[in-house]
Structures are given as C-alpha cells and as structure tokens.
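Trainee: Before we discuss this model, I would like to go through the terms one by one and ask what each label rests on.
Mentor: Then let us take the structure first and the labels after it.

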Amino acid sequence: MSKVKYYYDPDTLSYRKIEPRKSRRFRNIALFFLGSFLFGFLGLILLLNTNLVNTPRELSLAREVKNYELQFELLGKKMEQIENVLANIEDRDNNIYRLYFEANPIPEEQRRAGFGGVNRYKSLEGFNNSDMIIATTKRLDIIQKQMVIQSKSLDEITKLAEEKEKLLAAIPAIQPIKNEDLTRMASGYGWRSDPFTKARKMHWGMDFTSPKGTPIYASGDGTITRADNNASGYGKHIRIDHGYGYMSLYGHLSQYNVKARQKVKRGDLIGFVGNTGRSEAPHLHYEVWKDDERINPINFYYGSLTAEEFENMLKYANQENQSLD
C-alpha cells in the first residue's frame, strides 16, 4: 500500500492530502519496467560472457578441450622421445655406417628441412588453439620426413654392405697352399736371379715350394677365365677373375681341378702343384693383378696367416735369392 503524503496549507491553516497526477504515476510505472528490463538484459549478457554460470553442454565442451590439451601435451612428449631415438640413429648412420662403407654423410639441413611453398596448414588456422595445432602438425611432418630419409639411407647402407661383403670375399686374401704342405717359401716378389740365365730380373709373383701333387686353393671368390697351357713360361696354369679389378694366377701346375668359366669360392681346390713350363723344380708360381698391373701378393694374406707366420713369410720373401722360374 502506497504511502499517503500531506502538505500544510497556510491559507486554511490545515494539512491537505497530496493527490498524485496520473501522468506521473504512469511515468513511474514505465520507468520501473524499463529499469527492470535493462537490469535483467545486462545481467543476462554478463552471465553469458562469464564462467559464473555454464550450461551442461558448455561444461562438457570445456572438459573435451582440457582433454585435448592433455593429449597434445602427451603427444609432444612422445614426439620428443621419437626425435631423440632418430637423432641417435642418424648419428650412428653418419659417423659409423656411412663412414665404414665410404658413403657421404647426409647433411643436417637436409634431414631437418621443413616444407616451403604453399601454406600446408591454412586449414588449421582460425581456431582457439591454432598455434599449438599447427606447431604439432609441423613437428610431425618433419619427423615423418626424417624417417623417410633415414629409411632410404639404411636401404643404401644395406646395398653397400652386400657389395662390401662381395668385395671382401672376392679379394685374393689367403695363401694358395696351406702352410703344412709347404717345403719352403722359395722366392718373393721383386728383383731376383733367373735360375736359367743367372741374370737379375724382375720376379712378378711368389714361389711356393711343395711336392708335386700338393693341393692348390683359390685365394678368393671369382670365375675361372683360363685353365690351359697356352701362356709362355707358366706351363699349365689357372687364372681367376675376382671382379673389382682383381685377378690371380697359378702357374706350373701338374693338373687342373677346374675348367674355364667355372665359378669358385675362396678355399676351393682348383689344381695341384707341378713342374710344367719354365720351372726348375716343383712349385707354385702365384701372382696377383689389380687393374691389369701385377702387385705384390704378400699384402693379401690377412685371411689365412697368423702374425708370426706372416713375419716369417715376409723375411723369406724379401731375400734376393734365386727364383724357381
């Protein structure tokens, strides 16, 4: 109930009741409703733009966002672990594997290169967490590129290893006659006295003295190119093409155990010691060729001799004595 107001009338010396005007009453009512509307509207706007009151849908979405942020953080840690493992593999690849197989290291800038040109991440822009999403995606792309480069490098290393294995098997790396079958190492590579003319001449191989019929073994993998008696001075002899520019020759044989175009492995029995051709006594004349030039065979016995045996052979091979052919 509204309060009744009075005023003092000096003319009548009495209090008279104040009668409110109808227009003022309507104005007050209108101001009340307008104020109430504005207050309610502003309060609603304030509530909608603050976290004081959230709908169940908003609360669910907020939880999803927090969960995604946690997943991104865990993903970042996993990517860091992958990057560390990749860095270790790359270091071994450049400084061990590629170095051993004489391949050029892959430059760091090639392994870590990003992606230029068109903006690959335009579709990820415009979101609240765009920076984080784009950075993570870029990081994943670089890791994927590193893995592709490393995979190709390992494929190359595998091929180089296979080729290296073939090369090591092909090099004439063992003594063609076993130590226990030798009478002595008669003459080495270098200037020697000719057994027939007594003149000093170059001896292009090594002579192994051994009884007639002693087994002779291939010093490396290869293909028999000759097994005949058609070369001057060598008598019955065998030549093996090892590939990679290497060839070995076995002279003055008594008989063959192989034929031309036959493939042999290191250690295969290929023939027997004899005294054919220009020879003074039963022995094997052994030569090693590299790129069509004769080289000292003594540098290639690392596959069958101990250090002491090699030392003794080196001593006898360096003596300027008389050769047997």
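Mentor: Buried means under 20% relative accessible area, exposed means over 50%, and partly exposed lies in between. Please keep in mind throughout that this is a predicted model.

Trainee: What makes R98 and E156 a salt bridge?
Mentor: The rule asks for a side-chain nitrogen of Lys or Arg within 4 Å of a carboxyl oxygen of Asp or Glu, and the side chains of R98 and E156 meet at 3.2 Å, N to O. R98 belongs to helix α2 and E156 to helix α4, so the pair ties together parts that are 58 residues apart in sequence. E156, with a relative accessible area of 36%, is partly exposed.

Trainee: How many salt bridges does this rule give?
Mentor: The count comes to five. One of them joins E83 and R139, with 3.0 Å from N to O, and this pair links distant parts of the chain, since E83 is in helix α2 and R139 in helix α4, 56 residues apart. E83, at 24% relative accessibility, counts as partly exposed, and R139, at 29%, is partly exposed.

Trainee: How do you know which class R226 and D228 belong to?
Mentor: R226 forms a salt bridge with D228, the closest N and O atoms being 3.1 Å apart. R226 has a relative accessible area of 25% and is therefore partly exposed, whereas D228, at 18%, counts as buried.

Trainee: What span does helix α4 reach, and what span is expected?
Mentor: Helix α4, residues 130-170, has 41 residues and reaches 60 Å from its first C-alpha to its last, close to the 60 Å expected at 1.5 Å a residue. Among the buried residues of α4 are I134, I143, I149, S153 and I157, and what covers the buried residues of this helix includes α2, α3 and β9.

Trainee: What does the record say about residues 65-92, and what does the model show there?
Mentor: UniProt lists residues 65-92 as "coiled-coil region", in an unreviewed entry. In the model, the chain over residues 65-92 is 100% helix and 0% strand, with the end C-alpha atoms 41 Å apart.

Trainee: What makes up the largest nonpolar core?
Mentor: That core has 24 residues, and those with the most contacts inside it are F208, I216, I238, I240, Y250, I270 and L284. Strands β6, β9, β10, β12 and β13 each supply at least two residues of this core. I270 touches I216, I238, I240 and Y250, among others, when residues up to four places away in sequence are not counted. Apart from this core lies another, of five residues, among them Y234, M247, L249 and W289.

Methods:
Residues are numbered from 1 along each chain as its sequence is written. This is a predicted model: local features need pLDDT of at least 70, side-chain atom pairs count only at pLDDT 80 or more; totals for chains, interfaces and linings use all residues. Side-chain values use heavy atoms; hydrogens and water are left out. A nonpolar core is a set of buried Ala, Val, Leu, Ile, Met, Phe, Trp, Tyr and Cys residues joined through side-chain atoms within 4.5 Å. Buried means under 20% relative accessible area, exposed over 50%, partly exposed in between (1.4 Å probe, protein chains only). Helices (H or I, at least four residues) and strands (E, at least two) are DSSP runs, numbered from the N terminus. Contact means heavy atoms within 4.5 Å. The expected span of a helix is 1.5 Å times one less than its number of residues. UniProt positions are given in the numbering used here, feature names are shortened, and annotations may be inferred rather than shown by experiment.
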